[in-house]
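Here's a quick briefing to read with the structure open beside you. Take a look first, then work through the points below.

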Amino acid sequence: MHLTDDELVLHYYGEMREPEEARACAHLAECPACRENLATLQRVMAAIDSAPLVEPDSWFEQRTWARLQPALAAPGRRAWQLPWRAIAWGAAAALIVMAAFVAGRFTSTPAPAIQTAETRGPVHERVLLVDLGDHLDRTEAALVEFVSGTDGHEAAPGRARVEDLVAANRLYRQTALANGDRGVADVLDDLERVLIEIAGASPEASTGDLDVMRRRIDTRGLLFKVRVMRDELQQRAKEPVRRHGQETTL
Amino acid sequence: MPEHDAAVVARARGGDGDAFRQLVERHSRSVYKVAFRITGNQADAEDVVQETFLKAYRQLDRFEERASFGTWLHRIAWNCAVDLLRARPKREQAEESDTLEQLGTTHATVTGQAAPTPERLMASVQVGDRVKAAMARLSPLERAAFVMRHFEGRSIDEISRALEIRENAAKHSIFRAVRKMRLALEPYV
């Protein structure tokens, strides 16, 4: 009786009990078909072993530290229990409340009204578009401040302000991903890496180090992408919405 | 000459924040690879990296300097990744084997009734991409069990205890994983 595929897996990994292993070896010595089947399994396993591992990007270590450092001071919480992840997977209402809070901290105009359950759907999306547009405005301002700085920290945006932008950006990026808006998510992903790097810059970083970071942001055209996306979002936010059978621009 | 891990750990224990940052920068990449293999996605892997270093930071006094810091970290990472999978709803862990049919091939096809032509093989995606795609199709349980068996060299008994499932369930998760990997890769090896 031939060895089954599952028995060959156990044999391959040395997981067979002694008597079964002896029987398997004896059978393989006499059966070309089972030997061929084992050889195929071995080729598949070799291919798996030889496949290149996924490599994180070149900023990975810095990004890890930038995210880790504040968490080291917040004992007792698990990484996937920290607020931004819980909210990202939580109710849309919680996201709107957070966005309104962040908006209220940095703008002089009142935060947009929180929508009720009856007005979710297109109106809910419009609120998010407006909030995201506000976030991009604030992020652009922080980036411009940083990129145009010429004398070290005096012209750089405050660290706490940038950390708040990182937290808000993460919420929006995860919402965009959940909504299948890949283009927005990709730009927000680029933004987040840069914001994290700025937030993680050591207070002892030299002017030279900061200038290298500034050139990297500038040449990437990130500011251009932010402006284009903000303009597109403003256009989308202005499109009429069908509400109770009537068009409204809200 | 770079400072040995044990010396950096000793400084970190003494409250040197820069020392712990050095450890993070040295080891986060390898921890990520362990985490990605088990969780199968970037976001979860990054969360596992965070959790691993948080735990390591809090348990630094338990690290024995004669051991390898990297190995110690990997053990923590492995446990964190498994904890993350355990925290998932059960329905995510117990994916049905109908995924085998969803792969679009049958064993008959694989054994040669509709063998790919050399031109098709040459035009096909690199084997590495195939491996990645096949791993992505495993259920979380299948992937965790397979990674632990194949890459970590853990016994089925150890896997069943780590994943808190019966030994038979661990065994069959590995069988299903290997079956799926074979279906996806046999035409290309």
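A:Arg173 sits in helix 8 of chain A, the stretch covering residues 159-178. Keep in mind that this is a predicted model. Is A:Arg173 buried or exposed? A:Arg173 is buried, because 22 other C-beta atoms lie within 10 Å and the cut-off for buried is 20 or more.

**Around A:Arg173**

- Setting aside neighbours within four places in sequence, A:Arg173 is in contact with A:Ala185, A:Leu188, A:Asp189 and A:Glu192.
- A:Val187 is 14 residues away from A:Arg173 in sequence, and the C-alpha to C-alpha distance between the two is 8.6 Å.

**The two chains in outline**

- Chain A has 11 helices and two strands, and the order along the sequence is α-α-α-α-α-α-α-α-α-α-α-β-β.
- Of the 250 residues in chain A, 24% count as buried.
- For chain B, with its 189 residues, the buried part is 40%.
- Take the contacts in chain A between residues at least 6 apart in sequence: 62% of them join residues at least 24 apart.
- In chain B, residues 24 or more positions apart account for 70% of the contacts with a separation of 6 or more.

**Where the chains meet**

- How many residues of chain B are in contact with chain A? There are 32 of them, and they are in contact with 27 residues of chain A.
- On the side of chain B that touches chain A, helix 2, helix 3 (42-58), helix 9 (127-137), helix 10 and helix 12 each supply at least two residues.
- Helix 2 of chain B gives the largest share of that side, with eight residues.
- Sorted by class, the side of chain B that touches chain A has 17 nonpolar, four polar and 11 charged residues.

**A helix pair across the interface**

- Helix 4 of chain A (residues 60-72) packs against helix 2 of chain B (residues 17-39) at an angle of about 115 degrees, and their axes are 9 Å apart.
- The crossing of helix 4 of chain A and helix 2 of chain B is right-handed.
- From helix 4 of chain A, the contact uses A:Phe60, A:Glu61, A:Thr64, A:Trp65 and A:Leu68.
- Helix 2 of chain B brings B:Arg21, B:Val24, B:Glu25, B:Ser28, B:Arg29 and B:Tyr32 to that contact.
- By class, the contact between these two helices has five nonpolar, two polar and four charged residues.

- Helix 3 of chain B has 17 residues and reaches 24 Å from first C-alpha to last, close to the 24 Å expected at 1.5 Å a residue.
- Because 12 of its 17 residues are buried, helix 3 of chain B is largely enclosed by the rest of the structure.
- The buried residues of helix 3 of chain B include the charged-side-chain set B:Asp44, B:Glu46, B:Asp47 and B:Glu51, along with others such as B:Val48, B:Val49, B:Phe53 and B:Leu54.
- What covers the buried residues of helix 3 of chain B? The cover includes helix 4 of chain A, together with helix 2 and helix 4 of chain B.
- Helix 4 of chain B (residues 69-86) has 18 residues and reaches 26 Å from its first C-alpha to its last, close to the 26 Å expected at 1.5 Å a residue.
- Buried residues in helix 4 of chain B include B:Phe69, B:Leu73, B:Ile76, B:Trp78 and B:Cys80.

**Towards the end of chain B**

- Helix 10 (residues 140-150) and helix 12 (residues 167-185) of chain B pack at an angle of about 90 degrees, with axes 8 Å apart.
- That angle makes helix 10 of chain B roughly perpendicular to helix 12 of chain B.
- Among the residues that meet there are B:Leu141, B:Ala145 and B:Phe146 from helix 10 of chain B, and B:Ala170, B:Ile174 and B:Ala177 from helix 12 of chain B.
- The residues of this contact divide into six nonpolar, one polar and four charged.
- B:Glu164 lies in the loop between helix 11 (156-163) and helix 12 of chain B.
- Phi of B:Glu164 is near 55 degrees, a positive value in a residue other than glycine.
- B:Glu164 is exposed, with 10 other C-beta atoms within 10 Å.

Note on methods: Residues numbered from 1 in each chain as written. Chains lettered and ligands numbered in written order. Predicted model: local features only at pLDDT ≥ 70, side-chain atom pairs only at ≥ 80, totals over all residues. Helix = DSSP H or I, 4+ residues; strand = E, 2+ residues; numbered from the N terminus. Contact = placed C-beta atoms within 7 Å. Axes fitted to C-alpha atoms, helices over the stretch in contact; angles between N-to-C directions. Left-handed = near helix turned anticlockwise from the far one by under 90°. Expected span 1.5 Å × (residues − 1). Parallel < 35°, antiparallel > 145°, perpendicular 65-115°, else oblique.
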